[in-house]
Amino acid sequence: METRTTAFKVLKEHEVQFLNTLLAKGGPDEHEYDLFLDFISRVNDEGVKELREAIKPIMNEETMIGFAFVKPYGYAGDFKIIDMIYQKKVNPDPRFTKWDKWYHAQHAAKAVRNRKEFFKSVLAELDEGADHPKEVLILGSGPATDVYEYLTDHPDSGLRFDLIDLDQRAIDYAKEKNARFLDRLNFIRMNVLRYKTHKFYDLIWSAGLFDYFKEKHFIYLLRKYMPYVAEGGEMIIGNFSDENPSTGGMHSILEWHLNQRSPEELVYYALEAGAKRQNIYVDKEPLGVNLFLRVKNPANPFKNPESFISWLTVNNN
Ligand SMILES: C[S@@+](CC[C@H](N)C(=O)[O-])C[C@H]1O[C@@H](n2cnc3c(N)ncnc32)[C@H](O)[C@@H]1O
């Protein structure tokens, strides 16, 4: 592969040489993974422009890094890149292979794959027992690979899904993937800020979406959706942790910005939205990089007709 000879002002000569060596062999080898991550995490704003210039031959849709940077669908975290992370897509072209392997070895990519497994285990728990059908609402459903894998493994599932996504291309992609299961899936193209329903859901799930919302919208959405949780049901919102070790690389080289949060912040949001403390819990996938705010509507044995709001401290209507 062509090496870069441009004169750099911020990057030191040995750093450019390091990058040229990586380019020449199609990406870092495993023993260089941390070195490359440290390097891209440390580099300042000026340096990052030079860094991108230095590795320009891979900053295109051929690689995971390039795809994440270019954002061909116009925004970070589109259905395609998320599905490529799920599939651990590696370009077989030797100019790109090791770059893709590096990408998939990062904590952030692993956490995305872990959250899919986490969601599938939540679905399995919900599916157990006789009370069918159970209703699931997904906010920002993207490729719906999680649903596809779950239903493939549980063809007799009693779950029904409403899937909301703003991007018609994501919905088309998810529909094609889930073609066998369309009788249980209802896709809705809409902004989650605007969706209205009179239905109660046993589970309201969202991952990879609230990380893009500011505090104000995060709390607004909790307040909006919590009253739709059925008795005994739950709302689970994924959000990347502020201790994500991939943060530096995601922000600098990829320009992939998330509002990463602590467990305490997530609890605070739920309280602000009106949930009672005893119904709030913060969970995480095995790496602790993707956190999950869980707000439960406890089962009400007395069947109070107003129970759908009484489990909250404020009337959200
Ligand atoms: C990072 S993907 C996550 C997909 C899926 N939840 C997952 O974890 O695999 C985020 C999805 O949310 C959608 N999205 C972003 N903003 C939205 C909004 N305001 N309303 C509805 N969908 C939205 C995007 O189109 C994208 O498909």
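View 1. The shell around the ligand draws at least three residues from each of domain 1 (13-105) and domain 2 (109-310), with domain bounds that come from an automatic or database domain assignment. This is a predicted model, in which local features need pLDDT of at least 70 and side-chain atom pairs count only at pLDDT 80 or more, whereas totals for chains, interfaces and linings use all residues. Residues are numbered from 1 along each chain as its sequence is written. In this view, 19 residues surround the ligand, and the closest are G77, G140, G142, D167 and G208; a residue is near a molecule if its C-beta atom, placed from the backbone, lies within 6 Å of it. Helix 5 (79-86) and strand 2 (159-165) are the elements that give two or more residues to this shell, where helices (H or I, at least four residues) and strands (E, at least two) are DSSP runs numbered from the N terminus.

**View 2. The contact between the domains.** The centres of domain 1 and domain 2, taken over C-alpha atoms, are separated by 30 Å. Across the boundary, 20 residues of domain 1 are in contact with 20 residues of domain 2, contact being counted when two C-beta atoms, placed from the backbone, lie within 7 Å. On the side of domain 1 that touches domain 2, the largest share, five residues, comes from helix 5.

**View 3. The largest nonpolar core.** This core has 51 residues, and those with the most contacts inside it are I204 and M226; such a core is a set of buried Ala, Val, Leu, Ile, Met, Phe, Trp, Tyr and Cys residues joined through C-beta atoms within 7 Å. Helix 7 (residues 107-127) gives the largest share of this core, five residues. Leaving aside neighbours within four places in sequence, I204 is in contact with L137, L139, Y225, Y228, V229 and M235.

**View 4. Two residues with positive phi.** Most residues other than glycine have a negative phi. K88, which is not a glycine, has a positive phi of about 50 degrees and is placed in the loop between helix 5 and helix 6. A144, also a residue other than glycine, has a positive phi near 55 degrees and lies in the loop between strand 1 (134-139) and helix 8 (145-153). A residue is buried if 20 or more other C-beta atoms, placed from the backbone, lie within 10 Å of its own, exposed if 12 or fewer, and partly exposed in between. K88 is therefore partly exposed, with 14 other C-beta atoms within 10 Å, whereas A144 counts as buried because it has 26 C-beta neighbours inside 10 Å.
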